[in-house]
Amino acid sequence: MSSELARALRRARATVPAMAIMPAMAIMPAMAIMPTVAAAVLLVAGLTGGLPTVAAVASAVGVSVAAHATRLVRVALAIHRGSRGLGPCRGAGLLGLGLLAGGCTVVGLAGYPAGLTGRLGFAGFLVAVGVQLTGLLMLPGAAATPAARLQRLLDGVAVGTCLFYIAWLLVLAPHGGGGPRTFLAGLISCAAASVALITGLRAARYRTAALACSGGTALSIAGLAGLVAAGLTPGAATWLAAAALVAGPALAAEGARRAEPREPNPADADGSFAGYPLLAPPIGAALLATAYLVVTGGGVPDRSAIVLGLTAVAALAVREALAALAVRRYARRLAGREAHFRSLVAGSRDVTVVIDTDLVVRWLSPAAARQFALSEQDVVNRPFTAMLHPEDAARVVDWLSAPGKVSAPPDKAQPSLLEARLRDGYGRWRDTESTLSDLRSTPEVAAFVVHIRDIGDRRAMERTLHQMAFTDQLTGLANRRELLRAVAAARSAREPAGAVLIIEPDGLTVLNDLHGREFGDAVLIELGRRLRSGLDTGDLPARLAGDQFAVLTPAGSILAYALASRLVTVLSEPYRLPGVTAHLSAMVGLAEVAGATGVDEVLRWADLALLRAKRTGRGSVEWYDKSMESALLRRMAVEQELPGAIDRGELDLVYQPVLELTHRRAVGAEALLRWRHPRLGAVPPAELIPIAEDLDLTDEISRWVLHRACRQLSSWLRDGWDLWLSVNVSARQLVSPGFVPALSGAIEAHLVAPGRVLVEVAETATGDRPTPDAREAAFAAVRLLGVRTAIDHFGTDPTSLAHLRRMAVDVLKVDRPLFTEPAGRGRLAAPIMDVVMSLADRLGLEVIACGLEAEAHLETVRAAGCHVGQGNLFGAPAPAERVEAYLTDNRSPSL
């Protein structure tokens, strides 16, 4: 279906019902060939005698030419409405007008008197030929520029003249020639037909449309020339010319319709004759015809033949001159492009290498000498792989053998650039990246074109940035970020294994305080060196922050523990620096990489293990386990809930009676702190007091305990019980500036005699901080108030006897380990108690036995001379009400 009819249908679809359009669409293809069919019927009618020759020919030609000329004009209007360019529009229109002029010429030959037939027909013939050729050369794909159209015209004139020259020598001249008009008509028709055919053959685009248009135009011109020469007289030549004139317009109209501008199909250029010497065969044939005429004795060419030859030579000369000018212009453009290309290549920082299919270098850009000190003698005609590092050569060969299919590392995407090391002219390896252009399918190149860029400076900068981002600047070890990356890589392995060690030296803070930060930094540098030298190749040392270090090792648990122990030994050796020798110790916490849900959890586990190692003591190495985490979570919960426990009323005191052992008579009681939390349960003092000290809550808790205990003692005294009351305090509470004023205030507030109050300090606390002088001063301050003091749990930990002699102590409270008989070791408790009682007698101290739970314990301490004791044998710690009930049941005497 023609495009103009399709557009007409689209315009009519809005107003014509669909049932009326469908039959019209069905007959559209037939409408395009109906004029040709009608013209063929008229020709057949003339051949069979149904119509006179002149009427049949004129009618057939008129119907065909008029219909297809009108069709061509409509195509031109459709092209113009689509704004697809003025050239195609004029081409189709002029082609239609030329066909119409030819039809009018034929009809005029049939209708005018004989005297005017020759001149009128010849004039119409010339107009029709000129207009048709002009329209044909303006169609898309025929010729792009006026110079190309002129070249097509000269080519056709030369070919047509040669063909007519052959026909004149071999056919027309031997039979008389036929007169000047016949000579001119034949020459023009041959030239015009040749122009049409060459235009179609030379077309590089729209091949089908160009061949159809040129073939139809050639047929139309040949048919018109035949009818003009024959004058519509009956004969075979007339009928053949009429048939050509009927078929030509139809073929030209169909080709013009197909030549509407559209996106060019790359397949249109296949099979084109644009690059073939189409002039050579006709010229060769003309020379052969001349030679044949001379050899066979037919004489020499006459004047008409000479004119034809001169015409062909003139056309060729003009054509070659134009071609020479075009070649010259093209050569100048190529020279300019080459100069531009050379300037770009010469000034580029990239090195361009042309490599043939055998991977041999065929060309090297001048930038190679400037960038890599490589000359053409060093590279050209040598294998490209000889320039590459042996480790990169195989990868580059794969890259060149299968462009775009180079295997990439598993953790990276397919690279668009290929990085490789290249040997420069000085024999050094340079980091480069390359891009590849595969031009093997381009005949002018037929090779690979590789563009190489030096990235050595960028690699150096990347290494510097990497070092700054992932390396500790002081010690040169990996930093926390690099350690996290390495642990993540270890966890992502198919079978995660290995361990993380977190190491913290003890004593570095003191060194910084004594000698300054510079001294501490020097120790850290030496520590990092020792850490690096004490590891295996696969281990990664890192500095996390401050004085905390870490090691990632792929070893198993046993080897990791051995490594940690070795590092503790290495890092604990003396640090000999100018003028000073420092002594440090180290603690290590270990955690396995496998089993954790993330990198942060691995480090958290190792931190928890380190915390446990710190509590264990210097030089400790501890593994992470779940119980440790549970203890830490409980401690955190206690730390969160302890502030405010007094205001919430969660603290309480329980009391345990202290008895005179001979008559089992209560002489005093010990106040014990208890914390009952609704969620945490009972929190013992051994857990509560250290946390309170860390939170600086000891003064607040001490004041509450002292006031609560003194109030209870005052109540018992008012009720007639002759008792004294002991209160437990820690060493830090004892030396606190607010303890003595709080004790004095509680005694005065509740009107309690100072002698009835006993302050107990655990022996383990007396050996720890604060200093002995501070402890002695605190005991003395308490003694000045009239309050007695005691050392609790005496004998369970070492206490300097010299300190014991200097401290203002009144009572020693001995614990169960001193009077309990060890299993299978005989009776060893009695002598030990004898020693303690003898020491107390010599120092003038009273002894209280704590933890009596069996009659055997009671017999042992009584035999040693101890007269006061307490324990579950007499009663467990209980609230004040139960203690009062116990006293009543045992008939404790009153004042």
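User: How many cavities of 30 Å³ or more does the structure hold?
Analyst: This is a predicted model, and it holds three cavities of that size.

User: How much space lies in the largest cavity?
Analyst: The largest cavity holds about 80 Å³ of space.

User: And which elements supply at least two residues each to its lining?
Analyst: They are α14 (390-401), β3, β4 and β5 (447-454). The largest share, four residues, comes from β3.

User: Which residues line the largest cavity?
Analyst: Among them are F384, L388, V396 and W399, together with L418, E419, A420 and L422. The lining also includes T432, S434, V450 and I452.

User: How do those residues divide into nonpolar, polar and charged?
Analyst: Nine are nonpolar, two are polar and one is charged.

User: Let us turn to β3. Which of its residues are on the covered face, and which on the uncovered one?
Analyst: Strand β3 spans residues 418-423. Its covered face has L418, A420 and L422, while E419, R421 and R423 are on the uncovered face.

User: How many bridges join β3 to β4, and do the strands run parallel or antiparallel?
Analyst: Six bridges join β3 to β4 (residues 429-439), and the two strands run antiparallel.

User: Which residue in β4 is the bridge partner of R423?
Analyst: The bridge partner of R423 is W429.

User: What about the hairpin: how many residues are between the strands, and which one takes a positive phi?
Analyst: The hairpin of β3 and β4 has five residues between the strands. There, G427 takes a positive phi near 85°.

Notes
Residues are numbered from 1 along each chain as its sequence is written. This is a predicted model: local features need pLDDT of at least 70, side-chain atom pairs count only at pLDDT 80 or more; totals for chains, interfaces and linings use all residues. Side-chain values use heavy atoms; hydrogens and water are left out. Buried means under 20% relative accessible area, exposed over 50%, partly exposed in between (1.4 Å probe, protein chains only). Two strands pair if DSSP finds at least two bridges between them. On a 1 Å grid over the protein atoms alone, a cavity is a set of points where a 1.4 Å probe fits but cannot get out, and a pocket is an open set with protein on both sides within 12 Å along at least five of seven lines; lining residues have an atom within 4 Å of a point. Grid points are joined across faces, edges and corners, and a volume is the space filled by probe spheres set on the points. Ala, Val, Leu, Ile, Met, Phe, Trp, Tyr, Cys and Pro count as nonpolar, Asp, Glu, Lys and Arg as charged, and the others, Gly among them, as polar.
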